[in-house]
Amino acid sequence: MHHKPYYRRMLPADAHLDCRQIHALEDFQRFYNTLPVLTKQDLIGHHQELSGKVHLSSRIKTTGGSTGEPVKLYKNASALARERVATALSYEWAGIQVGAKQARFWGIPHSNRAKFMARITDLVANRYRLSAFDMTDADMAGYYRHLLLVKPAYLYGYVSAIRLFANYIKHTNLAPLPSLKAVITTSEVLSELDRHDIEQGFAVKVFNEYGCGEVGSIAHECEQGALHVMASNLLVQVERDGITYNHGTGELVLTDLHNYATPLIRYKLGDYATLAPGGCSCGRGLPVLSRVHGRAYDIIHTPEGRSIHPEAIIYIFEKMQEQRAVFKQFQVLQDRLDHLTIRIIPTANFNNTIGRDIQVAVRTKISAAMQISLELVNTIEREKSGKLRVVKSQLTADDNRLPMANTRRS
């Protein structure tokens, strides 16, 4: 920490860690919890101070496509290697060996140079890329034909795109892809309804992966269904009311234990999750994320001063879909404090009565003061990365439209 200008400036003058005084984990935790929290804005605004002089073997990582706030950092070779080893190990839990052929539902780069580099990377990594931007029935028919020839061992990618493809296979009475051993989902919250539809369409088990661009893999799902934190690489906690805890629900705070190029110490990730107090019956002894609730930047604010997790809105649509199967995809957009736009790609089961039921359910569960516009569309625009933000807020933290009253998370 003392080798980076940012941390030298942020730490109190008397802050030091004497290893001779550490006799137990609790001793380290007491020191660790006194360190300042690092936010995404800190990382953006103090990039040079946090990175300092970077070794030539370090790799530049850029992320932030979902929020419009680009984040740039460096990761040293050893940290990258440890990240990849942790990922490879966790894929073995899904029965996937290193080098197995992957079919990836992902974003497609825009520039010709970036497309060329992506093709080279895919070739080296033994993977076949499918565009998450192009998911019409005609596109998916072509994907199915190609995958029968490519014979991937597993599918990997965005939850929303993989679920659409699974439902296409099911509803067109196609046989599940015979070469598949597993599906690994990432980047978007995996609901139980998502899991059900994907497993129905492909007749294999879904293994969820949770991570972010800044650190890579954070947690992977084992065969028992527990999302295990990669504790050999990361220290993960949750923050509630300015205090960090080793279990419970709150905003995730993590430390990358091996990245010395751009140290991320007590980094607030911007996600809400629940850390379970116990372990898993698989016996691996790794900490467990019992639930990932959603992105902090997509919390919905109401005129009454409440703050609603995206999960609460997703739940409304999940219950309706379970009962009636009325849409292929949906998105809820907040563009004003008192207004939501709901975009729906409808199925043949959708009608005006169902549209009114959706509006009533949202007003009942979220806010009676909320105005709601319902739009039936053929496609829903994805982010530049290819992700689909199912719940998307256009309000900002310093937006004067946000309520000034005390808020609570629902």
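Helices (H or I, at least four residues) and strands (E, at least two) are DSSP runs, numbered from the N terminus. This is a predicted model, in which local features need pLDDT of at least 70 and side-chain atom pairs count only at pLDDT 80 or more, while totals for chains, interfaces and linings use all residues. Residues are numbered from 1 along each chain as its sequence is written, and side-chain values use heavy atoms, with hydrogens and water left out.

Asp137 belongs to helix H7, which spans residues 137–150. Because its relative accessibility is 45%, Asp137 counts as partly exposed; that class lies between buried (under 20% relative accessible area) and exposed (over 50%), with a 1.4 Å probe and protein chains only. The C-alpha atoms of Asp137 and Leu164 are 9.6 Å apart, although 27 residues separate the two in sequence.

Strand E3, residues 102–106, is mostly covered, with 5 of its 5 residues buried. In a regular strand, side chains alternate between the two faces of the sheet. From E3, Gln102, Arg104 and Trp106 point one way, and Ala103 and Phe105 point the other way.

Two strands count as paired if DSSP finds at least two bridges between them. E3 pairs in the parallel sense with strand E4 (residues 127–131) over 5 bridges, and Leu130 in E4 is the bridge partner of Phe105. Between E3 and E4 the chain passes through helix H6 (residues 112–124), and this β-α-β crossover is right-handed: with the strands pointing away from the viewer, the path from the first strand over the helix to the second runs clockwise. E3 also runs parallel to strand E5 (residues 154–158), to which 4 bridges join it; here Gln102 stands opposite Tyr154.
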